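Let us walk through a structure together, one piece at a time. Keep the picture beside you as you read.

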Amino acid sequence: MTTKHEMELIDSAARAQQVMDGELGSEKMVLNMGPQHPSTHGVLRIVLELDGEEIVNAWPDVGYLHRGDEKIAENMTYTQFIPYTDRLDYLAPLANNVTYAYAVEKLLGMDVPPRCKYIRVICAELARISSHLLGLGSFGMDVGAMTVFLYTFSEREKIYDMAECISGARFTTSYTRIGGLAKDMPPEFVPMLRSFLKEFPATIDEVDKLLTRNRIFCERTRDIGVLPKEVAIDIGVTGPCLRGSGVDWDIRKSHPYSSYEDFEFEVPVGTVGDSYDRYLVRMEEMRQSVRILRQAIDNLPDGPVNSPDAKILLPDKEAVLTKMEELIHHFINVTEGINAPPGEVYFSAENPKGELGFYIVSKGGGTPHRLKIRAPSFVNLQALPIMAKGHMMSDMVTILASLDFVMGECDR
Amino acid sequence: MSQQIETGFDPKVEGRDVIVTSVDAAIDWVRKNSCWPMPMGLACCAIELMAAGASRFDIARFGAEVMRFSPRQSDLMIVAGTCVYKMAGVVKRVWDQMPNPKWCIAMGACASSGGMYRSYAVVQGVDHFLPVDVYISGCPPRPEALLEGLMAIQRKIAHEKAVVNMKTGNGPGISTPISGPVIVRGEYAPKLKG
Amino acid sequence: MNLQAAIDRLKVRLGDAVSDPVEFRGETTLTVSRDKIVAACEFLKKEGGFDMLTDLSGVDNYGEDPRYEVDYLLYSLAQHCWLRLKVRVSEEDMIVDSVTSVWQGADWHEREAFDMFGIRFRGHPNLKRILMWEGYRHHPLRKDFPLAGIPAELPETAVNADTVRTAPMLGGPFVTSDGTRSSIRREPRQFDTLAERQEKLTHPTKKESV
């Protein structure tokens, strides 16, 4: 007795045709690009919905570095919070210090001397170069060009040396104070900066030669992660990501702070809004920062670096030790903190990642009632699902690197 | 009159170039000079970790430049940065995936003790759920400090018993990594045997 | 249109729902009533030219009624000016209409306000916690939540309950507070438990005149 089984054998060509016609429904795979990952630039978790290799949807999940900065700020005086601002965008700590100092000074309604403003510009621009160097270095490394990473890191070491000279710490500087700076620029700083400015353009050119017309780099970044202009504005994206999408907006030009109106520089703006444009914007911003630094160091004004209001800034040590009034001011300043007027103020500056803003609500006294940190990376990351849709899994790495966010400031 | 100093050894086996040492010494020497770190770079200390791996401070001279991001292929987990409670489970799971022998460096103030973040969301030190071998202080520690910590791990490895002595039963043996649901307890600190 | 014209047109359109502008350090703040916030935002975006939502934050004014407020910071790229809208939310009814229909970028900001304060946004596509983990029961930025934290559970990684410990504040000072002369009151090294912190909030110390 034989049993007959009927089977239908589909040969591979016919099956392939079925897939191409979309008749075979494929299951979408949900992949977790976890918080611990070499290419996520910090602790970011992305839940990807993949159709084979193509990304259908991407949901970023943040909060893996939420340290409670805003709650801590409500329990610290304004000056005590300065080290926490270092650790927000930890690739450019000097820039955060400068922004925070200006925010509190806006609340107090005070101005700082011109020398202080110029030195703060120098700090902010050095921080911008440092942050872009690391962004481009890891961008290159993620895309495959490992040499760029080492070149940019050795330039960053020179910037670290300068930061150490001016503030005492390589990295988390806490250099600015409310009403001035921790200390004046030491005389060794100027020749260091000048020699850096002489050597640095050669490195940018070298990175340029390695990456900009590199066939592989262009293939991996052109038309990847396109962010249209209207979407970028609607989300609130700022910084090089916004300028890469074609919006000409830079806070240094539209609301000049810290004497940026004295400097001549250009703001690079992209056209397409893809990863390549954002890369080019950052490269050009570094060159413009060099230009600003040259002007700043050539025209550095003399004079005091701290504002003379002793109720806000600690008075000179000699005066504290010899005169009564300064002693009282020092005591009150250290124990009670600065007496800020009640009111609320928002100040934002053009940080390397975008618009870093501090919204300070004060009910009087030495500690803020509420300190909200408007972090550029928090807002820029909302654009990720829009940029990633339709691309391949490996393009995700490119998009993340070109967004150049940092989780310290995103999660605060 | 110049003295010529030559390096020589006294062979215990006649006629052949053989060095005699203990297995522990040989294995420890190999392990400590090729410690592959798993950089658990969480926050700002990760940048100094990267700087230690770059050309100026060069962690490669210690054999540790192979920053393996896969826990299965690494020996040394460097927790660099603030560990928050949301991330703690992840760090613990990655630690459990690392095969023995493994060591842990808590780099920086935040990983050692919570640092300057005394707040609701931050684990006050990764030693609440990881067995830490070396603590490096600093906020962030300079790359030289990280290299000093790495050298401290190397000194620690040099004193370990690498193999089981079949006759006496001394030594650590080979233990399997923990898998399954992550258990985080405050008192979890397994002692290194041997 | 410029800022003053935008404010005038808004007041014409919404009447009493919009307060008079308050100016401080060159910034303008308008208080808008809770039910008209979406209409105000839509008007300001479409006709006022405020195309970018820079920031959306919650504030807890403990002791005032209404207790919470939500601040919207709008920016006009054409006019280069900021405008702040304020909505007061009372503790009994912590719901505000979501402005995600006006600006896409309000999405995460509103999730953060929900996470940190507990303010709910009606019409939000995905109102989940963003900075703390799913299943966390408290809202950290409220004034009656202690900085050291409250013991809680970590549900997603199968950990034991009560493993989220409070940060140790004894032996401080790790925090300070608004200037009173007495350092004992200002740097609360002895307040280490939730009960004592609540005690301090319900009976706030008076400013000393020493």
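In what order do the 3 strands of the open sheet in chain A stand? The order is 6-7-8, and the pairing is antiparallel. Strands here are DSSP runs of E with at least two residues, helices are runs of H or I with at least four, and both are numbered from the N terminus. Two strands pair if DSSP finds at least two bridges between them.

Before going on, a word on the source: this is a predicted model, in which local features need pLDDT of at least 70, side-chain atom pairs count only at pLDDT 80 or more, and totals for chains, interfaces and linings use all residues. Residues are numbered from 1 along each chain as its sequence is written, while chains are lettered from A and ligands numbered from 1 in the order in which they are written.

Strand 6 and strand 7 of chain A are joined by 9 bridges, and N351(A) stands opposite G354(A) in strand 7 of chain A. Across strand 6 and strand 7 of chain A lies helix 4 (residues 93-108), at about 150 degrees to strand 6 of chain A. Such angles run from 0 to 180 degrees between N-to-C directions, with axes fitted as lines to C-alpha atoms, for helices over the stretch in contact.

Chain A also meets chain C: 41 residues of chain A are in contact with 31 residues of chain C. Contact means that the C-beta atoms of two residues, placed from the backbone, lie within 7 Å. Strand 6 of chain A gives the largest share of the chain A side, 4 residues. The table sorts that side by class.

| Class | Members counted | Residues on the chain A side |
|---|---|---|
| nonpolar | Ala, Val, Leu, Ile, Met, Phe, Trp, Tyr, Cys, Pro | 12 residues |
| polar | the others, Gly among them | 19 residues |

Elsewhere in chain A, helix 17 (residues 393-403) is largely enclosed by the rest of the structure, because 9 of its 11 residues are buried (20 or more other C-beta atoms within 10 Å of their own). Among them are D395(A), M396(A) and L403(A). Just after helix 17 of chain A, D404(A) takes a positive phi of about 50 degrees.

Finally, chain B averages a pLDDT (the predictor's confidence in each residue, from 0 to 100) of 78. Over residues 173-194 of chain B, pLDDT stays under 50. Where pLDDT is low, the predicted coordinates should not be read in detail.

Key:
Buried ≥ 20, exposed ≤ 12 C-beta atoms within 10 Å, placed from the backbone.
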